[in-house]
Amino acid sequence: MAYPTGSGSEILARTTIHALSSSWTSFRWDGSMATTGTSSYTVPALHIITVLNIIACEQAGAAETINVILNDGGSATGNGNLWILEQAPLGAYQTFVFSDKLVLIGGDKLEVNCDSTSNVDFVCNYIDQNWID
């Protein structure tokens with residue numbers, strides 16, 4: 001990734017995934033909701049994403065475990081990726097907040113899933129810095 005050389009912007013934004021189950025799904029960075037089961041959404045070129053938090057809320061009334069990985073484009077989902085959360089417990093009708101900061105660059109994917117069939121909503125709040133070459 002090149003160093004910023006032109007003008008750009010910095011915005012506070014959010015992205016969501018609704019009713020996630022056991023399929024790996026990546027967050028979208030264009031302002032629209034991710035399609036559950038789609039893990040191809042990447043951070044656009046010339047963008048730096050600073051993840052402020054990830055909020056997961058269980059909606060089906062059954063305890064669950066959630067997973068979060070950083071896929072830097074080097075391998076398939078779940079295969080040699082960088083684990084951010086692995087089997088984090090999420091109680092029935094409970095909310096889990098991951099509030100450590102993460103930095104993503106162009107081509108990275110931030111992916112989530114649950115260990116079993118479930119219904120979990122995810123919200124990711126972030127800062128999007130972009131620039132024009």
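A residue counts as buried when its relative accessible area is under 20%. The views below show a predicted model.

**View 1. Serine 118 in the loop between E8 and E9.** Serine 118 has a relative accessibility of 14% and is therefore classed as buried. Beyond its neighbours within four places in sequence, serine 118 is in contact with Leu20, Ser21 and Glu64.

**View 2. The largest nonpolar core, comprising 27 residues.** The members that touch the most other members are Phe27, Trp29, Val51, Ile54, Leu110 and Phe122. At least two residues of this core come from each of strands E1 (8-20), E3 (47-58), E4 (64-71), E5 (82-90), E7 (102-105), E8 (109-114) and E9 (120-131). In soluble globular proteins, nonpolar side chains tend to be buried together.

**View 3. The surroundings of phenylalanine 27.** When residues up to four places away in sequence are not counted, phenylalanine 27 touches Thr15, Ile17, Tyr41, Ile54, Leu110, Val112, Phe122 and Cys124. Among these contacts, Ile54, Leu110 and Phe122 are listed with Phe27 as the core residues touching the most other members.

**View 4. The open sheet of 4 strands.** The strands follow the order E2-E8-E4-E5, with antiparallel pairing. Strand E2 (25-26) and E5 form the edges, each pairing on one side only. Strands of a sheet pair through backbone hydrogen bonds, either parallel or antiparallel.

**View 5. The pairing of E4 with E8.** These antiparallel strands are joined by 6 bridges. Asparagine 71 has lysine 109, in E8, as its bridge partner.

Notes:
Residues numbered from 1 in each chain as written. Predicted model: local features only at pLDDT ≥ 70, side-chain atom pairs only at ≥ 80, totals over all residues. Heavy atoms only, no water. Core = buried A, V, L, I, M, F, W, Y, C linked by side-chain atoms within 4.5 Å. Buried < 20%, exposed > 50% of the residue type's maximum accessible area, 1.4 Å probe, protein only. Contact = heavy atoms within 4.5 Å. Pairing = 2+ DSSP bridges.
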